[in-house]
Amino acid sequence: MTEINQDNFREINLAALFKSVWQRKIFVMSVTFVFALAGVFYALSLSNVYTSQAILAPASDDAQSALPKLGGMGGLASLAGINLSGGNSNRSTIALELIKTWGFLEKTAIKYDIIPQIYAAKSWSETTNEIIYDADIYDSKQKKWLIPDENTPQELRAPTSWEVYEVFESLFSVSTNEETGFITIKVDHYSPAFAKQLLEILVHEINEEIRSRDIKNLSQRISYLKEQIKETNIREMQSIFYELVREQTQSLMLAEVSKEYALETISNARVAEEKSKPSRAIIVIVITFLGFMLSVAYTLVSQISKK
């Protein structure tokens, strides 16, 4: 009997609440319409973002495959301070971690003079194919930064290294397919042409960074081994060192001629023809639904407070 009374009580309450909402349907519809209108204006105010992507794979390790089998020389090489391990998988792993670092991105942005395109861009003109910059922070005609300095408001400054890094790092994403080992890099930007250009810059520079590091290390190893040859009179050890010099020299030569040293392109970047975001329809729907829920909630709260 108690359960029936409780069910009836709930039905009466729900009916009363629905009745109060229905009585104020004009208010609910008006608020919902205002939110829908605001959602339309907000969605239209957002600039289109285009995505360029490339599919990469760890570069083939020609240096390792081209070498003769050195047998037990790996242990002797280790004693001499030379590491014969660390092939393409190691290089690609380092590349994927290095590409996200502050130092690498800052150096790349400065080298190609693309800080304005990264930090100050706010939209893109399809008719002129030009990036439109935020005039409040960057004068594109005079190429001057207009960011107020917090310490001295009368002074204007360029974005800090950290500010550029935060925006730069948010423009791209890196993912690895665990089954195939393929690597996908995506770059988002208001300009589809610049998105492609930036992606190509990132791939090129990370390959160059790993390549230059290996060339430096290999050159140092060869110099060290040659010094060891001069210092030892044991013919067997000299033979080992000569073989190691040959191996390191071959690796150095291959590194010097390899352009895609760490990551090899499987699918090149393309200029996107359609935007990837924002999804304006979803934005309008979400904001409209939010307006409806808020108006209903306000009506119910006001009705309950009266009682």
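# A guided tour of the predicted model

Begin by selecting strand β2, residues 121-125, together with β3, for these two strands pair in the antiparallel sense over 4 bridges. This is a predicted model, and every stop below is a place within it. With both strands shown, pick out Ala 121, which stands opposite Tyr 133 in β3. Then follow the chain through the hairpin that β2 and β3 form, where 4 residues lie between the strands and Asn 129 in the turn has a positive phi of about 55 degrees.

Stay with β3, residues 130-133, and show its side chains: Ile 131 and Tyr 133 make up the covered face, whereas Glu 130 and Ile 132 belong to the uncovered one. In a regular strand the side chains alternate between the two faces of the sheet.

Next, move to the open sheet of 4 strands, whose order is β8-β9-β1-β10 and whose pairing is antiparallel. Because β8 and β10 (263-267) stand at the edges with a single partner strand each, one side of each is left without a neighbour in the sheet. As you step across the sheet, the twist averages 30 degrees from one strand to the next.

Select β8, residues 172-176, and β9, which run antiparallel and are joined by 5 bridges; here Ser 173 has Lys 186 in β9 as its bridge partner. The hairpin of these strands has 6 residues between them, and Gly 181 takes a positive phi near 80 degrees.

Which residues have the most contacts inside the largest nonpolar core? Select Phe 168, Leu 202 and Leu 263, which hold that place in a core of 50 residues. Among the elements that give two or more residues to this core are β1, β3, α8 (161-170) and α9 (192-231), and the largest share, 14 residues, comes from α9. Centre the view on Leu 202, which touches Ile 99, Phe 104, Leu 105, Phe 168, Phe 172 and Val 187, leaving aside residues up to four places away in sequence.

Finish with α6 and α9, which pack at an angle of about 115 degrees with their axes 11 Å apart, in a crossing that is right-handed. Among the residues making the contact are Phe 104 and Lys 107 of α6, and Leu 202 and Glu 205 of α9; by class, this contact has 5 nonpolar, 1 polar and 4 charged residues.

Technical notes. Residues numbered from 1 in each chain as written. Predicted model: local features only at pLDDT ≥ 70, side-chain atom pairs only at ≥ 80, totals over all residues. Heavy atoms only, no water. Buried < 20%, exposed > 50% of the residue type's maximum accessible area, 1.4 Å probe, protein only. Pairing = 2+ DSSP bridges. Core = buried A, V, L, I, M, F, W, Y, C linked by side-chain atoms within 4.5 Å. Contact = heavy atoms within 4.5 Å. Axes fitted to C-alpha atoms, helices over the stretch in contact; angles between N-to-C directions. Left-handed = near helix turned anticlockwise from the far one by under 90°. Nonpolar A, V, L, I, M, F, W, Y, C, P; charged D, E, K, R; others polar.
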